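Hi,

Here is the structure I promised to pass on to you. Have a look at it first, and then read my notes below.

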Amino acid sequence: MLLQPSSLHARHVSLPSNFTYSRNLPFKVPHLTRIKVPEFQKLSVTWSISQIHSYGTVDYERRPMIKWSSIFKKISLMVNPELGSASVLNEFEKGGSQLTKWELCRVVRELRKVKRYRQALEVYDWMNNRVERFRFSASDAAIQLDLIAKVRGVSSAEDFFLNLPDTLKDKRVYGSLLNGYVQARMRDKAESLFEKMRDKGYVRHTLPFNVMMTLYMNLKEYDTVDSMVEEMKQKGIALDLYSYNIWLTSCGSQGSVEKMEQVCEEMKVDRNINPHWSTFSTLATMYVNMGLFEKAEECLRKVEGVITGRNRMPYHYLVSLYGTIGKKEDVYRAWKVYKSMFPSIPNMGYHAMISSLVRIGDIEGAENIYDEWLSVKSSYDPRVVNLMMGAYNKEGNLDKAESLFNQMVEAGGKPNPTSWEILAEGHIRDKRISEALSCLKEAFAIEHLKSWKPKPVSVLTFFDLCEEEADAASRDVLVGLLRQSGFLKSKAYASLIGLSDEAVISNELLRGRDRTDSSSASNEEENDSEALLSQLQGSA
């Protein structure tokens, strides 16, 4: 059954097929709390701390909502985030409000949902400085450890763990540290901690296995994923939705339709598993990766049939995946239903829609949606601007891209590294070395954005241009920036840009790729296989 605006308020539609299941984009363990509204997100498989401590507990006490939403909005929309969350909290208390732990933990929860990890950690830092008012639990420790790993690095998270009293080191805290190791792909440390958790009796349930399976899938060790599934079965540990979704992804990543569909059949007969949109979206993404667009479309129809509640995330994936398979009418139809279901659409909803239209070549439609976003945006999100900048740059129209960039800056928006990289790519194409290098310097100068690295194809093209123009000095400047930023410590990345003795991918292969696709997508918009993995990410 296709989604239609007229059926909005009778949203629980029966499953249109005997197929069942789905998988959450960002990996997420089922919560006992109300349905959340996560945002469309980015790539490499991770586990959120909300999963790590979801053992029948919640992050906050069940009390009526008071002013947490005002605090959250003020922190998340700060013009100068460098002032820190403490400035907002102090302002509220100076106004006569005594903030409660429930309110502050709810603020942390919402900040984590939108990936404002630094601000969330600052809220905890503020509470830590008032120990006479706030009592901390193991659940709090698990959340803080996760935030520290994300913001300050795994080493700092390890120090935090070591300094905790033993009374707080329960399975949630161990799980949080395991999550940090998996996010950083520290295989040896993750495996060592997993064995310690075995000894303590902390791996008698699904969650730690799911975390480790995520690690092995990221490392493309699909046989090990299968082995862990088999171990769970042998030990009588029931697979949950997320176990099946990882397993499905592992099979699909190997290009095995047969194995993937066998897992689906197993899910169908598992009475512990209820139909869910996320598994269908997982299947759709895998079929897209395999070029099986008709099967992908069938799965997307099933996503529509099982959407319940007021969860925005399915709509983000519908408009995105329909665009990936070239179904323009379905993109607009799903968008229309989405807008009818909710009084407002967040930035990432517009990101998903504009990205989809750019992908199918409907630039005029993307411009219309972009103009609509400008009129209703809650903040000047550079990721949305980057989509249109990339689209114009792909068409060879750097002037239009620069115009959008300038509009953003003039309106108080803050470009991210990808914004500057898109401009650099345009200058490289037009053989302006100095201007390109200037933009790249600006990209490297932006702090607190650890996820960005210049695209290898952009670096290679810049190196080629420097060689063509006999400008070794500019090449050396970029190499210096790469080294100073620590990017060359990754042998894999260094090999991609020809700066490693173990380079295994030829520069010619990289130069043959469609450079403009990666420009318009930006670092925030992952390729299809990455988007699949992002479905396994948890949203706190």
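This is a predicted model: local features need pLDDT of at least 70, side-chain atom pairs count only at pLDDT 80 or more; totals for chains, interfaces and linings use all residues.

**Helix 16**

Helix 16 covers residues 313–324, and at 1.5 Å a residue its twelve residues should span 16 Å; the C-alpha atoms at its ends lie 17 Å apart, which agrees.

Twelve of its twelve residues are buried, so helix 16 is largely enclosed by the rest of the structure. Among them are Met313, Pro314, His316, Leu321 and Thr324. Just after helix 16 comes Gly326, with a positive phi of about 80°.

**The protein as a whole**

The secondary structure consists of 29 helices and zero strands. Of the 540 residues in the protein, 56% are buried. If you take the contacts between residues at least 6 apart in sequence, 71% of them join residues at least 24 apart. The protein exposes about 23200 Å², and carbon and sulfur atoms supply 49% of that area.

**Helices 4 and 6**

The axes of helix 4 (residues 101–113) and helix 6 (residues 138–152) come within 12 Å and cross at roughly 35°, and the crossing is left-handed. On the helix 4 side, the contact is made by Lys101, Cys105, Val108 and Arg112, while helix 6 contributes Asp140, Ile143 and Leu147. Sorted by class, this contact has four nonpolar and three charged residues, and no polar ones.

**Two lysines with positive phi**

Lys220 has a phi near 65°, a positive value in a residue other than glycine. Its place is the loop between helix 10 (206–218) and helix 11 (222–234). With a relative accessible area of 59%, above the 50% cut-off, Lys220 counts as exposed.

Lys431 also has a positive phi, near 65°, and is likewise not a glycine. Lys431 sits in the loop between helix 22 and helix 23 (433–445). Is this lysine buried, partly exposed or exposed? Its relative accessible area is 46%, so Lys431 is partly exposed.

**Thr418**

Helix 22 (residues 417–429) also holds Thr418. Thr418 counts as buried because its relative accessibility is 1%, and the cut-off for buried is under 20%. Between Thr418 and Phe444 there are 10.0 Å in space, C-alpha to C-alpha, and the two are 26 residues apart in sequence.

Best wishes

Note on methods: Residues are numbered from 1 along each chain as its sequence is written. Side-chain values use heavy atoms; hydrogens and water are left out. Helices (H or I, at least four residues) and strands (E, at least two) are DSSP runs, numbered from the N terminus. The expected span of a helix is 1.5 Å times one less than its number of residues. Buried means under 20% relative accessible area, exposed over 50%, partly exposed in between (1.4 Å probe, protein chains only). Contact means heavy atoms within 4.5 Å. Accessible areas come from the Shrake-Rupley method with a 1.4 Å probe; for residues, only the protein chains shown count as cover. Axes are lines fitted to C-alpha atoms, for helices over the stretch in contact, and angles run from 0 to 180 degrees between N-to-C directions. A crossing is left-handed if the near helix is turned anticlockwise from the far one by less than a right angle, and right-handed if clockwise. Ala, Val, Leu, Ile, Met, Phe, Trp, Tyr, Cys and Pro count as nonpolar, Asp, Glu, Lys and Arg as charged, and the others, Gly among them, as polar.
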